[in-house]
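Notebook open, structure loaded. I want to go through the fold, a few residues and a pocket.

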Amino acid sequence: YAPWHRREPEGNRYPSSLTNHEWSLLRGVFEPPGPRRGRPRQHAARELLDAIFYVLRSGCAWRMLPAHYPPWQTVYAAFRSWDRQGTFERMHAKLRDEWRLRAGRQAQPTAGIIDSQSAKTTEKGGLEDTTVQRRWSVGNATSS
């Protein structure tokens with residue numbers, strides 16, 4: 001990723017906003033074809049995503065979203081819903097596959113590497129494993 005991958009935002013858009021090309025890649029993930037269950041959306045998925053990306057990129061609190069975005073409660077509810085449904089994982093997988101194909105590789109990786117320095121080996125650690133436990137007897141103040 002480099003700054004030239006992104007074009008300048010237009011109008012009320014921010015650098016964190018999706019470009020038209022990016023949205024064309026993600027539309028099927030966030031607006032799947034077919035009938036939608038539940039209440040009709042009051043705000044477009046792209047608008048909600050732009051607000052979520054604004055919060056993530058700027059580091060601001062949800063309540064500090066600029067006024068032209070949907071209400072922060074709506075944006076946060078969409079974020080939580082998409083998170084619970086695994087939508088962001090599907091987004092990541094789609095973008096990863098696109099990136100790999102663009103680089104001339106297979107969409108799905110054929111091998112994986114596990115770094116032993118990062119893998120947990122035990123749940124215990126710290127002082128529990130490095131200090132000697134002492135038992136105190138009730139009759140005297142000496143340790144055994």
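My entries follow, starting with the ground rules.

**Ground rules.** I am working from a predicted model, where local features need pLDDT of at least 70, side-chain atom pairs count only at pLDDT 80 or more, and totals for chains, interfaces and linings use all residues. Numbering runs from 1 along each chain as its sequence is written, and side-chain values use heavy atoms, with hydrogens and water left out.

**Confidence.** I looked up pLDDT, the predictor's confidence in each residue, from 0 to 100. The protein averages 81, and 73% of the residues score at least 70. Helix H3 has the highest confidence, at 96, while helix H5 (residues 127–130) has the lowest, at a mean of 58.

**Fold.** I found 5 helices and 0 strands, in the order α-α-α-α-α along the sequence. These are DSSP runs numbered from the N terminus: helices are H or I with at least four residues, strands are E with at least two. Of the 144 residues, 24% count as buried; buried means under 20% relative accessible area, exposed over 50%, partly exposed in between (1.4 Å probe, protein chains only). I also checked contacts, meaning heavy atoms within 4.5 Å. Among those between residues at least 6 apart in sequence, 45% join residues at least 24 apart.

**Helix H1.** Which residues of H1 are buried? I got Trp23, Leu26, Val29 and Phe30. They sit on the same side of H1, because they cover an arc of only 105° around the axis. The arc is that of the directions from the helix axis to the C-beta atoms. Their cover includes helix H2 (45–58), H3 and H4.

**Thr87.** This one lies in helix H4 and counts as buried, at 2% relative accessibility. Leaving out residues up to four places away in sequence, Thr87 touches Val29, Phe30 and Trp82. Val29 and Phe30 are among the buried residues of H1.

**Trp62.** I found Trp62 in the loop between H2 and H3. Is Trp62 buried or exposed? Trp62 is buried, with a relative accessible area of 18%. Again not counting residues up to four places away in sequence, Trp62 touches Ile52, Val55, Trp72, Val75, Tyr76 and Phe79. Tyr76 is 14 residues from Trp62 along the chain, and their C-alpha atoms are separated by 7.1 Å.

**Arg57.** Arg57 lies in helix H2 and is exposed, with a relative accessible area of 62%. C-alpha to C-alpha, Arg57 and Ser17 are 9.7 Å apart in space, and 40 residues apart in sequence.

**Second largest pocket.** About 640 Å³ of space lies in it. Of its 24 lining residues, Arg36, Arg39, Arg41, Ser81 and Trp82 are the closest to the centre. Helix H1 (20–30), helix H3 (72–85) and helix H4 (87–102) are the elements giving two or more residues to the lining, and H3 gives the largest share, 6 residues. By class I noted 10 nonpolar, 8 polar and 6 charged residues.

**Terms for the pocket.** On a 1 Å grid over the protein atoms alone, a pocket is an open set of points where a 1.4 Å probe fits, with protein on both sides within 12 Å along at least five of seven lines; lining residues have an atom within 4 Å of a point. Points are joined across faces, edges and corners, and the volume is the space filled by probe spheres set on them. Ala, Val, Leu, Ile, Met, Phe, Trp, Tyr, Cys and Pro count as nonpolar, Asp, Glu, Lys and Arg as charged, and the others, Gly among them, as polar.
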